[in-house]
Amino acid sequence: MENTACFRSGELELSFLCTENGLSLASVRDLRQGCALLSAPGALFTLTAERLSDGEVKTVRSDADFRRVSVTAEGETCVLRCSDCVPVPGLTVTLLLTADPSRSRVGFQTVLSSENPDYALTSCDDPTLWFDVGEGVRFLSPYGCGEALDSDSERFGHGYGSSQDYPSYGASFQFMAVWNERTGRCLYYGVHDPVPAAKKFHFHREVGAPTMQIKASQPLCCIDRPCNGQTLYGTCVWQLTDGDWYDAALLYRAWAEQNASWLPETGPNGRTDAGWLNDVDAWFLVHIERDDFADEILDAVKDLGVRCGVHLYLWHNNPFDNDYPHYFPEKPTVRRELRKLREAGVRVLPYVNGRLWDTRDRGTEDWEFTSKAKPMATKDRNGNVFTESYSAKEANGEHTVLAVMCPSTALWQETVKGICDRLCSDVGFDGVYLDQIAAAKPQPCADRTHNHLPGGGGWWMERYNDLLGHVSRTGDPAVLATECTGEPFMKHIQGYLSWLWIKDRQVPAFPVVYADRVITFGCSYQSIQDMDRDGLAIFFAQSLLFGEQMGWLSPKLYREMPERDFFRRLVSVRAELHRVFHGGRMLRPPVLSDDAPRLRCEKDMQAYFHLVDYPAVQGALWRDADGKRYLLLVNASPSSANVVCKAELPDGAYALHGDLTGELALQNGSGKLTLPPCAVVWVEA
Ligand SMILES: [Zn+2]
């Protein structure tokens, strides 16, 4: 009963195992290297369905739950069809494969049909990529700016996995990759969905297993009705190429440039609608605690000596995460202090939440929530409102319970617009920070009275972009910013707060794709406890190299932190090279090795196990809009470092700028330098 079907595209060969129980991915081969990337079978997809009468959930596996599988291959296409589903009779899953042999690429489209009168289909995977784990086999997680993780990491001994919502802080973009550092070969995994629909991105390895998986999955729409057949959004693309995460990022960028719906207009200095935000090099984070709050900001700005922005919290009288969205009136001295800041050229973004309405929105009283907001809040198919609670409490000691508003509703669109207009045209702010929009997951709202189909799909991003377009086109805010870096909101949001980019093993995949499209700013140095010296210094360096507008420090932390001179030095270099980071592109980072002790911090509250561990010297290669290249190296350690640097620049002798004089000589792409402690140097080519 078993048979194996092979499908080739250029140097990529996939084989599928068909049995009396279903369909598996049996092997993945690199025909150029003549080696297997996968040598044990794994399920090609899982799907969930919910019985509408009682909510019972069935999980269907491709390799265990279908009694009939057919494979029809013809030329550069192949159709895999799974039917006779045992747990959900009447379900058929069809995968349409298309080869692009010139690129060793296979595209998958997944089509679901269901004749089952009892179950609604609720989620389905894009095809799952399994691969053999091993030393030097690494993969890209889409968390934050991107993470390059080891497939055989012992640090994650008890299960190794992550499941992150897209778009959110946990999945900024729609691609992953697996590469082998020994062979220099890379398998790209991208979901090319230009809308885009809500998704999850997963990686998982069972303890001790010889293989692991990466995949996307999609929450489905029309989850309140049976027979909700549909086609998954986008094309799932697997492509074999040379390289690593960087090459994968270029493949995604090339696709996005031609197809993505979320790209803003850009010119030689980056996006054309960023206004004053384009001029900023560093940020202060301020929670108003005193009436004359501008004075200490101005002292810090003067000391830092570059153009600064301020992210201002608690400008309103209601407590944080309480009584939203009723922010007005502002605190009594806000207008006066804003004038002081503006006169000094300091721009201010006030904090507002872009998603939530407090269910007890006047102290402990339900003032307008039930009467006004509840019909427009997100709900499951049984009418239960999706709510969230954080650390904030009501006056009676109970946690505040905040409803997630539905972005499709006129009420929420007008509420957000009204707040933004008043902040900018009346109070005098320079833009608005709308919290959570690019950080929190799309909710699968199933309220049929709203202007969208129930469940997943592309409506969340489309309606949020309607809302943001409405705010920016018809209103007063000069610029908008939001939390984290979920990609599809950047069309109308100029600034992304990169506060969470303080994890271990980060790679700048997001800047490689988007540095010239959206402005990133700030790291959460507050999350590094006890002002740990190495923790701060690592991310001072990385934030410069990744192109962020730096800082997001409170004036107090700025005054008291260690290595303040190092921070100031890096910020001054950012200001000097400002044009490189606004409109420039990040190129393949240099490969560095150095002999200084590694930098290690075990107090980073946002990192796995609170641990970050980086080499002393980090580097980046950028190209400005005129094509000039800049190789930057930063030694963030208190020791001097002998560094060997390999970079994609022509051989030659390059004048050093920054904290060294002389030249960097590159021969066969490689050169040596001795960097002083806490130093930055660059060459221009
Ligand atoms: Zn809704």
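In which loop is the place of Cys484? Cys484 belongs to the loop between β32 (480–483) and β33 (495–497). Before I go further, please note that this is a predicted model.

Let me stay with Cys484 for a moment. Although Cys484 is not a glycine, its phi is positive, at about 70 degrees. Is this residue, Cys484, buried or exposed? Cys484 counts as buried, because 24 C-beta neighbours are found inside 10 Å, and the cut-off for that class is 20 or more.

In what order do the 8 strands of the open sheet run? The order is β34-β33-β32-β31-β27-β26-β25-β35, and the pairing is parallel. At the edges stand β34 (519–521) and β35 (550–553), each of which pairs on one side only. From one strand to the next, the twist averages 25 degrees.

Strand β25, residues 282–287, runs parallel to β35 and is joined to it by 3 bridges. Within that pairing, Trp283 has Gly551 of β35 as its bridge partner.

One more loop deserves attention here. Between which elements does the loop holding Pro325 lie? That loop lies between β26 (308–313) and α3 (334–343). The peptide bond joining Tyr324 and Pro325 is cis, with omega about 5 degrees. Pro329 is also found in the loop between β26 and α3. The bond between Phe328 and Pro329 is again a cis peptide bond, with omega about 5 degrees.

For contrast in strand direction, consider a hairpin. Strand β3 (residues 22–30) and strand β4 (residues 35–38) run antiparallel and are joined by 3 bridges. Arg29 stands opposite Ala36 in β4. The hairpin of β3 and β4 has 4 residues between the strands, and Gly34 there takes a positive phi near 65 degrees.

Next, the division of the chain.

My last stop is Val683, in strand β47 (residues 679–684). Why is Val683 classed as buried? The reason is that 26 other C-beta atoms lie within 10 Å of Val683, against a threshold of 20 or more. Leaving aside residues up to four places away in sequence, Val683 touches Leu631, Tyr654, Ala655, Leu656, His657 and Leu664. The C-alpha atoms of Val683 and Arg629 are 8.2 Å apart, although 54 residues separate the two along the chain.

Cys484 is buried and sits in the loop between β32 and β33, while Val683 is buried and sits in strand β47. Thank you for your attention.

Technical notes:
Residues numbered from 1 in each chain as written. Predicted model: local features only at pLDDT ≥ 70, side-chain atom pairs only at ≥ 80, totals over all residues. Pairing = 2+ DSSP bridges. Helix = DSSP H or I, 4+ residues; strand = E, 2+ residues; numbered from the N terminus. Axes fitted to C-alpha atoms, helices over the stretch in contact; angles between N-to-C directions. Buried ≥ 20, exposed ≤ 12 C-beta atoms within 10 Å, placed from the backbone. Contact = placed C-beta atoms within 7 Å.
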